[in-house]
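Morning, everyone. Let's take a quick walk through one model, starting at a loop and ending at the rings. Please look at the screen.

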Amino acid sequence: MINEGSLVVYKNKPAIVREHANGKYTISLQDGEQVKVRDKDIEVLHPGEVKDFSWITNSYIKNSAVCEVWELLSDEGVSITLKDLAAIIFNEYSPSSAYAVYNLLQDGLYFSGTLDVIIPKNKEEVSAEEAKRNALQRESSERKEFLQRLKTCIKKNQASAAEENFLPADDSRFIQDIEALAYGKTAKSRTLKELDITETPEEAHFILLKTGFWTSAVNPHPSRFGLSLAGASISLNPPLLDEERRDLCHLEAFAIDNSWSNDPDDAISIEVIDTEKTCLYVHIADPASSIAFDSPAEKEARDRGATLYLPEGTACMLADNSISLFALGLSDKSLALTFKIIIDNKGEVIDTDIFPSFVKVTRLTYAQADKEIDAKLRSFFDLSQKIFKRRTSCGAVNIELPDVYITCKNGIVQIEPDIPSRSASIVREFMLAAGEGAGTWAASRGLAFPYISQEAEFPQDHSKVIITGIAGAMQLRRCMRPRVLSVKPGRHQGLGLDTYTQVTSPLRRYTDLLAHIQIRTFLRGDKPLSADEISARLGYSEAAASATVYAERASNNHWIMVYLSDKKDSVWDAVAIENKGNRWSVMIPLLAMETQAALNKNVTPNEEIKLILKSVNIAKGEAVFVQG
């Protein structure tokens, strides 16, 4: 039975027992709240009689007194009750001394145990705990000083962008949570929260730049999308040498690509059958000859979805040895999976055959190939134009917009315009023909396959509504809906094709590799994957591939901002695209960059204008231009 007026603790808080009825005690807390509890919910510190909490301010214990008593008891190695400990330290057992000793026990530096059996800790334990607490106190003090330095640094650098007020290197231990947020590895930052700054990756990036812990050379965007900058690690096995392959080395085969490409995975050949038909050969790199479904390499490629191309480097979907084994034109004789496509005079695909092959490939850059358009590549160009005209007549949407190639080496950013070429149009049309041919080939055999479709939402009589030029191209692009991957063939409105898939980049895109493995499985007479199995792989890999696309876009924009960061007041040629209230959407062709700016009221779409760069925010990926 606990007396009325007893001092007790309830949930580690002091309380006074007021009455006892029906097996429960009514207690008063320090804030005036009254609670009914059972005796097992409370512990008695003093039997009373306690009327109020006025004494609680007198429960301070001098550290010297505690140390003296602790050393005495520790040397003797005996336990003690709360009542006796209070009497020794305070020379009395009172509500105030009892509560003070209770807090001493809760603190845990010198004593442990229960109210009835308090055990003095040994000197080694106390020494270790004191060292730990002192370190925490120093850390807390140093952190407060860091936060003040950080505030000052941010304010100074906001006041003068040219002024460098960076934090000392020793502060790096305090900014790890900011870096984690900037990289997208966490959604929280203790430091930003304590400074009352919005906890976003952009704000974290901004602070890291302002404090000098990051330079503009740090690109956080791949990490924000969960991507690794390291390439695939699982090496591919060489293909089987005894596999039956058709020898097509008698055909002239050309791998045409950008001058900076180092992973050629397609080549083209032509044979004229008669005046009505032409045989187009599209030779594709053949990594599927050594990659099986659910093999380690296939799973790694599925996880990545696609090769990640960044201005600062490349993270390949397949291991490095895939290039030496399967890229075309790197040796006298290359292994390929050939798509033999019969095309009529109207540019229509009328038949497709697929088989493994040997090919002898000559590599050409677009510039080199353009010089051969009127010689070796004349028949190639003529056939590509037939395919293009047929697609256009079937409703293909041809969107031509400025493009650039961005590189960053040793911290130096270079941006080169991607100049359209006639040979690039050859490659584009032949790769589309391969995609159409492969799709119809698979569909006619009832083979589960990764088909690609796309819808468009054009205004009525869009030929009159949609304008020409860059503004018109942007208008057309906004009409196009996102592409859809499915195991069922469907119309690709943008390409003007009733059936389409992608098979020309198995070294770089997982869906292409998936198609190749499915084709090879079928050709061997083995059981191919079902529609459900293909669909599951598409869903998994497409999420990774989408992350790659977004990371590439964000990274390109990052490096454009870095490129512009030291070019304040530079003048840029731009094209007005569309009025959006008091601002215009504009395109800067030399950067392939769409942005917004306030323009004169009399500006019209496609009008060429001058823009002046006023500021750049690398962390937010924004540049501010005004009309010149």
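Start with Ala-592. Its relative accessibility is 25%, so Ala-592 counts as partly exposed. The cut-offs are these: buried is under 20% relative accessible area, exposed is over 50%, and partly exposed is in between, with a 1.4 Å probe and protein chains only.

Some ground rules. This is a predicted model, where local features need pLDDT of at least 70, side-chain atom pairs count only at pLDDT 80 or more, and totals for chains, interfaces and linings use all residues. Residues are numbered from 1 along each chain as its sequence is written, and side-chain values use heavy atoms, leaving out hydrogens and water.

Back to Ala-592. It is in the loop between β22 (583-588) and β23 (593-597). Helices (H or I, at least four residues) and strands (E, at least two) are DSSP runs, numbered from the N terminus.

Asn-12 lies in the loop between β1 (7-10) and β2 (13-21). At 55% relative accessibility, Asn-12 counts as exposed.

Now a peptide bond. Gly-48 and Glu-49 are joined in cis, with omega about 10°. Glu-49 is in the loop between β5 (42-46) and α1 (63-76). Most residues other than glycine have a negative phi, and most peptide bonds are trans.

On to the rings. Rings of Phe, Tyr and Trp (its six-membered ring) pair if their centres lie within 6.5 Å; planes under 30 degrees apart are stacked, over 60 edge-to-face, and the rest tilted. How many aromatic pairs does that rule give? Twelve.

Take Phe-380 and Phe-430. This pair is tilted, 6.3 Å centre to centre, with 40° between the planes. Phe-380 is in helix α12 (residues 378-393) and Phe-430 in helix α13 (residues 422-444), so the pair ties together parts 50 residues apart in sequence. Both Phe-380 and Phe-430 are buried.

Phe-449 and Tyr-451 make a tilted pair as well: 5.8 Å between centres, 55° between planes. Phe-449 is buried at 0% relative accessible area, and Tyr-451 is buried at 2%. Elsewhere, ring pairs link Phe-53, Trp-55, Tyr-99 and Tyr-102 into a cluster.

Last, charges over rings. The test is NZ of Lys or CZ of Arg within 6 Å of the ring centre and within 35 degrees of the ring normal. Arg-246 lies over the face of Phe-355, 3.7 Å from the ring centre. The charged end of Lys-333 sits over Phe-358, 4.9 Å from the ring's centre.
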